[in-house]
Amino acid sequence: MPVRVLLVDDEPLVRAGLRAVLEAQPDMEVVGEAADGAAVIPLVRRTRPDVVAMDVRMPLLDGIEATRALLRTVAEPPKILVVTTFENDEYVYEALRAGADGFLLKRARPAEIVHAVRLIAEGESLLFPASVRQLAAEYGDGGGNRAARAALERARLTEREGEVLRLMARGLSNAEIAARLVVGTETVKSHVSAVLAKLGARDRTQAVITAYESGFVAPG
């Protein structure tokens with residue numbers, strides 16, 4: 001089955017460019033477009049995308065609020081890929097904190113766009129871990145976020161789960177973590193699922209942000 005993508009951006013040229021890149025792939029399908037975050041929820045319900053590629057800054061409802069509304073309203077929400085002009089942007093970090101699964105620069109090359117959508121759809125590794133680390137270092141409260149620290153304390157991760165979380169923060173995939181820890185991939189998947197469940201995280205990105213903001217993993 002192809003990866004179904006919904007494009008949300010107030011710039012028609014950006015949507016056209018993304019559509020051209022994605023629809024050139026045999027395993028991808030653009031199922032709809034919107035010019036503002038306010039249109040996301042009804043479109044998601046109608047088109048059932050796997051991934052929403054969404055601009056972080058839009059005139060009526062920006063990508064941060066659209067992400068919050070989507071995750072709050074839709075029972076089985078799609079993955080959310082924030083599309084942005086600037087990499088080191090507090091808006092991007094707030095979108096990730098709100099529940100977006102990763103971000104993509106508008107100037108990215110076609111191969112990078114395709115890779116980002118595939119990686120977000122698969123959800124087995126962190127997209128641009130170095131950039132997420134940099135964002136956490138600048139905007140993540142320096143490990144002093146009380147809510148994140150409380151979430152980590154409540155989680156009571158085992159020693160092995162803590163190891164897995166640290167490797168997730170470095171951007172390693174399940175297969176890479178398995179090789180590093182000399183265990184099976186299915187074992188790693190079980191550990192990752194346990195980490196997400198204990199932290200109350202929607203995906204790897206939110207788990208890693210909690211790890212950074214609690215001080216469990218240093219972003220530097």
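**Talking through the model**

Modeller: Let me start with leucine 60, which is exposed at 71% relative accessibility, where exposed means over 50%, buried under 20% and partly exposed in between (1.4 Å probe, protein chains only).

Colleague: OK, and where is leucine 60 found?

Modeller: Leucine 60 sits in the loop between β3 (51–55) and α3. Its C-alpha is separated by 18 Å from that of leucine 71, 11 residues apart along the chain.

Colleague: Before we go on, what should I know about the model itself?

Modeller: It's a predicted model, so local features need pLDDT of at least 70 and side-chain atom pairs count only at pLDDT 80 or more, while totals for chains, interfaces and linings use all residues. Residues are numbered from 1 along each chain as its sequence is written, and side-chain values use heavy atoms, with hydrogens and water left out.

Colleague: Fine. How many helices and strands does the chain have?

Modeller: There are 11 helices and five strands. Those are DSSP runs numbered from the N terminus, with helices being H or I of at least four residues and strands E of at least two.

Colleague: And how does the radius of gyration compare with the globule rule?

Modeller: The radius of gyration is 17 Å, close to the 17 Å that the rule gives for 220 residues, so the chain is as compact as a globular protein of that length. The radius is taken over C-alpha atoms, and the rule is 2.2 Å times the number of residues to the power 0.38. Along the principal axes, the C-alpha trace spans about 50 × 35 × 30 Å.

Colleague: What percentage of the residues is buried?

Modeller: Buried residues are 52% of the 220. As for contacts (heavy atoms within 4.5 Å), take those between residues at least 6 apart in sequence: 69% of them join residues at least 24 apart.

Colleague: What about charge? How many positive and negative side chains are there?

Modeller: The chain has 28 positive and 31 negative ones, and the centres of the two sets lie 4 Å apart. Lys and Arg count as positive, Asp and Glu as negative, with His and the chain ends not counted. Each charge is placed at NZ of Lys, CZ of Arg, CG of Asp or CD of Glu.

Colleague: Now the inside. Which residues have the most contacts inside the largest nonpolar core?

Modeller: Leu165 and Met168, in a core of 54 residues. A nonpolar core here is a set of buried Ala, Val, Leu, Ile, Met, Phe, Trp, Tyr and Cys residues joined through side-chain atoms within 4.5 Å. A second, separate core has 22 residues, including Val14, Met28, Ala53 and Leu127.

Colleague: Which residues does methionine 168 touch?

Modeller: Not counting residues up to four places away in sequence, methionine 168 touches Leu126, Ile177, Val192, Leu196, Arg204, Ala207 and Val208.

Colleague: Switching to threonines. Is threonine 67 buried or exposed?

Modeller: Threonine 67 is buried, with a relative accessible area of 0%. You'll find it in helix α3, residues 63–73. Leaving aside neighbours within four places in sequence, threonine 67 is in contact with Met54, Ile80, Ala95, Ala98, Gly99 and Ala100.

Colleague: And threonine 84, what's its relative accessible area?

Modeller: That one is 1%, so threonine 84 is buried. Its place is in strand β4, residues 79–84. Beyond residues up to four places away in sequence, threonine 84 touches Val56, Asp89, Val92, Phe103, Leu104, Leu105 and Lys106.

Colleague: Last one: where does glutamate 76 lie?

Modeller: Glutamate 76 is in the loop between α3 and β4, exposed with a relative accessible area of 64%. The C-alpha atoms of glutamate 76 and arginine 160, 84 residues apart along the chain, are separated by 29 Å.
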